[in-house]
Amino acid sequence: EIPRVTGVQTCALPIFDMPCNAEDDFVDLTVVIDRSGSMYSMGGAPLKALNVFIEEQQGAAIADNRLNTTSLRIVTFDDRVELAYDGPLASASIDAEAVSPRGSTRLLDTAAEELIAQRTRVKALRAEGRNATELFALLTDGQDNASEEFCTESFHALVEDARDRGVLCLFLAANMDAVTAGQNFGFARSHSMTLDADEASMMR
């Protein structure tokens, strides 16, 4: 059975919990969101899911006494890539305009670039004798038509490498089979979820 995000309560699934170790100095959260024209049918569901995610991560960080050492980077893409937020989790917010659908879909290139950037950030921390727990989340309908550098196979390899390094990789699929698409991109079955377009159900 495919896990589905159909309400605020079900957004709080265990896979969104950060496996943060006490000795880790930082938590690096990276979220990549598809805002291409094909996402129009999703209505406000992606924004609602993202805001719930932010609130839950803030709550978890407060409970774990790591709010001041957790960062959040939110990147949106169509055929252009935009940085919607990059800073402390404590002050994170995003509005509807940042995820408003438009343009074509530069999915693979954008997601791959952000995975590589996250790896580079953490590598720099470790070179200073510091450490970080990493989460990478991708929300998309999976229809790439604008990438030039990366293909499905090369992105799959990057995701598998990240998972091997201990990165918590989450795949949130918009109106499609999350397990099939997620595994095609290298995500674990247990960390692939389907987001429904029913805005009313998102409010339950």
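Accessible area here is what the Shrake-Rupley method gives with a 1.4 Å probe. On that basis, the chain in this predicted model has an accessible surface of about 9,300 Å², and carbon and sulfur atoms hold 49% of that surface. As for the interior, 48% of the 204 residues in the chain count as buried.

Turning to the fold, the chain is built from six helices and seven strands. Read from the N terminus, the elements come in the order β-α-β-α-β-β-α-β-α-β-α-β-α.

Helix 3 spans residues 107–127 and helix 4 spans residues 152–164. Their axes come within 10 Å and cross at roughly 30°. Angles under 35 degrees count as roughly parallel, so helix 3 and helix 4 are roughly parallel to each other. As for handedness, helix 3 passes helix 4 in a left-handed crossing.

What does each helix bring to this contact? Helix 3 puts in L108, A111, A112, L115, I116 and R119, while helix 4 answers with T152, F155, L158, V159, D161 and A162. Sorted by class, the contact of helix 3 with helix 4 comes out at nine nonpolar residues, two charged residues and one polar residue.

Conventions:
Residues are numbered from 1 along each chain as its sequence is written. This is a predicted model: local features need pLDDT of at least 70, side-chain atom pairs count only at pLDDT 80 or more; totals for chains, interfaces and linings use all residues. Side-chain values use heavy atoms; hydrogens and water are left out. Helices (H or I, at least four residues) and strands (E, at least two) are DSSP runs, numbered from the N terminus. Buried means under 20% relative accessible area, exposed over 50%, partly exposed in between (1.4 Å probe, protein chains only). Axes are lines fitted to C-alpha atoms, for helices over the stretch in contact, and angles run from 0 to 180 degrees between N-to-C directions. Angles under 35 degrees count as roughly parallel, over 145 as roughly antiparallel, 65 to 115 as roughly perpendicular and the rest as oblique. A crossing is left-handed if the near helix is turned anticlockwise from the far one by less than a right angle, and right-handed if clockwise. Contact means heavy atoms within 4.5 Å. Ala, Val, Leu, Ile, Met, Phe, Trp, Tyr, Cys and Pro count as nonpolar, Asp, Glu, Lys and Arg as charged, and the others, Gly among them, as polar.
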